[in-house]
Amino acid sequence: RPLFCYARGVEMSKAALQAKEKILQDEIEKYRDLQKEFQKAVASRNQLDAQLTENKNVKEELDVLEDGAVVYKLVGPVLVKQELAEAKQTLEKRLEYIKKELERYAGVLGDLEKKQESAAEKLGKLQQDYQQTMLKAAATR
C-alpha cells in the first residue's frame, strides 16, 4: 500500500506540474501580447508627436503670411489654391485633433503600463509557485 500511495503522489505531482506549466505559459503569452500592444501605442504616439511638430511649423509659416497671400494645398498629386483663412482654420482643427489624440494615448499608455505591472507581478508569483511544485515533485522521487 505505501508503494501505491507513493506512485499516486508522483503521478499527481506530474499532473500538477503540467497544469501549472500550462498556466505559466499562458500568462507569459498574455504578457508578451501586452508588451506588443504597448509598443504599438508608443509608435502611434510618436507618430502623432511628429505630426504635431510638423503642423506647428506650418502654422508658424502661415502666421507670417499677410492676408490675401496665395496658399496652395496638396490634394493627391495636384496643388489646389486655398484661402489663407481657410487654411489656418483647417490647420487649427488638425492641431486640436492631434492634441486630443495625444491626450487619449497618454491614458492608453498609462493603462497599459498598469496592466503590464500587474501581469509581471502575477507572472512572478506563478513562476515561484511553479518552482516550488518542481521542488516538491523532485523531493517525492
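How many aromatic pairs does a search of the whole structure find? The count comes to zero. That result, like everything else here, belongs to a predicted model. An aromatic ring does turn up in another kind of contact, though: Arg104 sits over the face of Tyr105, at 4.8 Å from the ring centre.

Next, the strands. Strand E1 covers residues 71–75 and strand E2 covers residues 78–82; the two run antiparallel and are joined by five bridges. Together E1 and E2 make a hairpin, with two residues left between them. Gly76 is in that turn, and its phi is positive, at about 65 degrees.

Along the sequence, Val71 and Glu86 are 15 residues apart, and in space their C-alpha atoms are 9.7 Å apart. Glu86 belongs to helix H2, which takes in residues 84–139. Is Glu86 buried, exposed or partly exposed? Its relative accessibility is 41%, so Glu86 counts as partly exposed, since that category lies between the 20% limit for buried and the 50% limit for exposed.

Glu101 is a residue of H2, and Glu101 counts as buried because its relative accessibility is 15%, under the 20% cut-off. In sequence, Glu101 and Arg45 are 56 residues apart, yet from C-alpha to C-alpha the gap is 8.3 Å. Leu123 is another H2 residue. With a relative accessible area of 11%, Leu123 is buried too. Its C-alpha is separated by 9.7 Å from that of Ile23, a residue 100 positions away along the chain. Then there is Tyr130, also found in H2. A relative accessible area of 15% makes Tyr130 buried. Between Tyr130 and Gln18 there are 9.4 Å in space, C-alpha to C-alpha, against 112 residues in sequence.

The largest pocket has a volume of about 290 Å³. Its lining is made up of 14 residues, and those closest to the pocket centre are Asn55, Val58, Lys73, Leu91 and Arg94. Sorted by class, the lining of the largest pocket has seven nonpolar residues, four polar ones and three charged ones.

Note on methods:
Residues are numbered from 1 along each chain as its sequence is written. This is a predicted model: local features need pLDDT of at least 70, side-chain atom pairs count only at pLDDT 80 or more; totals for chains, interfaces and linings use all residues. Side-chain values use heavy atoms; hydrogens and water are left out. Helices (H or I, at least four residues) and strands (E, at least two) are DSSP runs, numbered from the N terminus. Buried means under 20% relative accessible area, exposed over 50%, partly exposed in between (1.4 Å probe, protein chains only). Two strands pair if DSSP finds at least two bridges between them. Rings of Phe, Tyr and Trp (its six-membered ring) pair if their centres lie within 6.5 Å; planes under 30 degrees apart count as stacked, over 60 as edge-to-face and the rest as tilted. A charge sits over a ring if NZ of Lys or CZ of Arg is within 6 Å of the ring centre and within 35 degrees of the ring normal. On a 1 Å grid over the protein atoms alone, a cavity is a set of points where a 1.4 Å probe fits but cannot get out, and a pocket is an open set with protein on both sides within 12 Å along at least five of seven lines; lining residues have an atom within 4 Å of a point. Grid points are joined across faces, edges and corners, and a volume is the space filled by probe spheres set on the points. Ala, Val, Leu, Ile, Met, Phe, Trp, Tyr, Cys and Pro count as nonpolar, Asp, Glu, Lys and Arg as charged, and the others, Gly among them, as polar.
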